[in-house]
Amino acid sequence: MLRFSTFNVHGCNNPIKRSRIFQVLRKIAVDIVLLQETDFTSSRVPNLGSSSFGLWYHACSDSSSAQGVSIGFRRGVPFTLHSELKDPEGRFLLLKGELGHLTVTICNIYAPNIRTASWLKDAINTINTFATGALNPLLDSSTQKSAVSYRALRSVHTCLGDLHLSDVWRSVHGDRRDYTFYSNPNKSYQRLDYLFISDRYLPDVQSSVVHNITVSDHAPVSCVICFPDLCGREWIWRLNRTLLDSKAQVNSISQKLQEYFTLNPDPAPSGALIWEAHKAVIRGEFVALGSHIKKVRMKQMSDLLTRISTLEASHKRSLAIRDLAELKALGNTKFA
């Protein structure tokens with residue numbers, strides 16, 4: 001079971017913002033993420049390697065940083081690249097490879113605002129299995145209107161249908177409406193961010209969610225797909241070194257060690273056994289400490305996102321200025 005997510009990050013060069021983006025991705029528990037509008041250039045791509053995501057592919061423009069797309073894989077995801085196709089303007093990135101034993105094509109698209117439908121039709125012709133990205137032809141809007149002509153929208157739908165690609169969120173939620181972007185000048189919500197998947201994988205889709213708008217002006221969109229031939233990942237415990245950053249936590253662990261060796265003196269015949277056993281004991285203490293810290297952090301994050309969800313639902317109904325101001329303030333909150 002894998003979780004895919006598309007996220008227009010509206011710039012990813014600032015280290016603080018990158019950290020907050022990764023916090024959101026960890027909260028969503030993403031396995032494969034597709035970022036748009038990274039603002040990277042070919043000569044300046046920061047290191048996105050983190051404790052969660054170890055494999056990245058990028059498509060960037062040589063001259064402009066106003067676009068750029070990236071695809072990242074969480075550590076442990078069994079992806080092997082066979083070939084890739086990059087747009088020189090940083091508008092799309094297509095990867096062909098193996099996901100476990102499945103041969104897949106993953107494509108990340110960031111469509112331009114001008115001549116979107118014709119550009120998108122040409123880009124879609126390069127896609128085989130997956131497609132995702134920010135598509136500016138409005139398929140959903142809170143004003144029930146689209147800036148793109150009906151003929152252009154029908155052309156996009158026809159092109160997607162010819163490739164047997166379906167909008168995952170729409171397939172899961174039917175006639176329900178939700179939005180991924182708020183246009184302040186137009187005072188309207190729009191759904192600009194989509195995940196498309198081959199029709200043959202639709203029965204394997206477990207869920208699809210439009211998340212909160214927090215660190216970017218777009219909301220992440222995710223879906224969970226249960227691939228029958230994909231093996232589970234083996235979990236290996238490793239020490240989280242940040243647990244040693246706090247002097248209080250180090251003193252607590254030191255006290256636990258002292259208590260262990262006090263209760264288990266070191267007689268010569270069984271000294272090696274006691275030494276090996278202490279490793280399991282202290283690992284348990286680290287696991288418990290890490291779990292407690294994570295629960296506190298997740299509680300703070302959950303409370304904040306609950307408040308954001310409530311305000312977003314209220315603002316989508318009323319477009320109240322007070323709700324929008326509070327949403328902007330909460331969106332700048334840094335998780336502890």
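Which residue in strand 15 is the bridge partner of Ser 207? It's Val 224, and I'll build out from there.

Quick housekeeping. This is a predicted model, where local features need pLDDT of at least 70 and side-chain atom pairs count only at pLDDT 80 or more, while totals for chains, interfaces and linings use all residues. Residues are numbered from 1 along each chain as its sequence is written, and side-chain values use heavy atoms, with hydrogens and water left out.

Okay, strand 15. Strands here are DSSP runs of E, at least two residues, and they're numbered from the N terminus. Strand 15 covers residues 221-225, and five of the five are buried, so the strand is largely enclosed by the rest of the structure. By buried I mean under 20% relative accessible area, with a 1.4 Å probe and protein chains only. Both faces are covered: Val 221, Cys 223 and Ile 225 sit on one side, Ser 222 and Val 224 on the other.

Now the neighbours. Strand 14, residues 205-210, pairs antiparallel with strand 15 over five bridges; two strands pair if DSSP finds at least two bridges between them. Strand 1, residues 2-8, also runs antiparallel to strand 15 and is joined to it by five bridges. Val 224 turns up here again, as the bridge partner of Arg 3.

On to the cysteines. Cys 223 counts as buried because its relative accessible area is 3%. Cys 60 makes the buried list too, at 10% relative accessibility. Then there's Cys 107, in strand 7, residues 102-110, which is buried at 0%. The C-alpha of Cys 107 is 9.7 Å from that of Phe 196, and those two are 89 residues apart along the chain.

Last stop, Glu 37, in the loop between strand 2 (32-36) and strand 3 (53-59). Glu 37 is buried, yet it has no salt bridge, meaning a side-chain nitrogen of Lys or Arg within 4 Å of a carboxyl oxygen of Asp or Glu. The nearest side chain of opposite charge is Arg 91, 7.7 Å away; for charges, Lys and Arg count as positive, Asp and Glu as negative, and His and the chain ends aren't counted.

What does the side chain of Glu 37 make polar contacts with? The side chain of His 10, at 3.1 Å, and the side chain of Tyr 110, at 3.4 Å. A polar contact is a pair of N or O atoms within 3.5 Å; within protein, one must be able to donate a hydrogen and the other to accept it, and residues adjacent in sequence count only if both atoms are side-chain atoms.

How values were computed: Helix = DSSP H or I, 4+ residues; strand = E, 2+ residues; numbered from the N terminus. Buried < 20%, exposed > 50% of the residue type's maximum accessible area, 1.4 Å probe, protein only.
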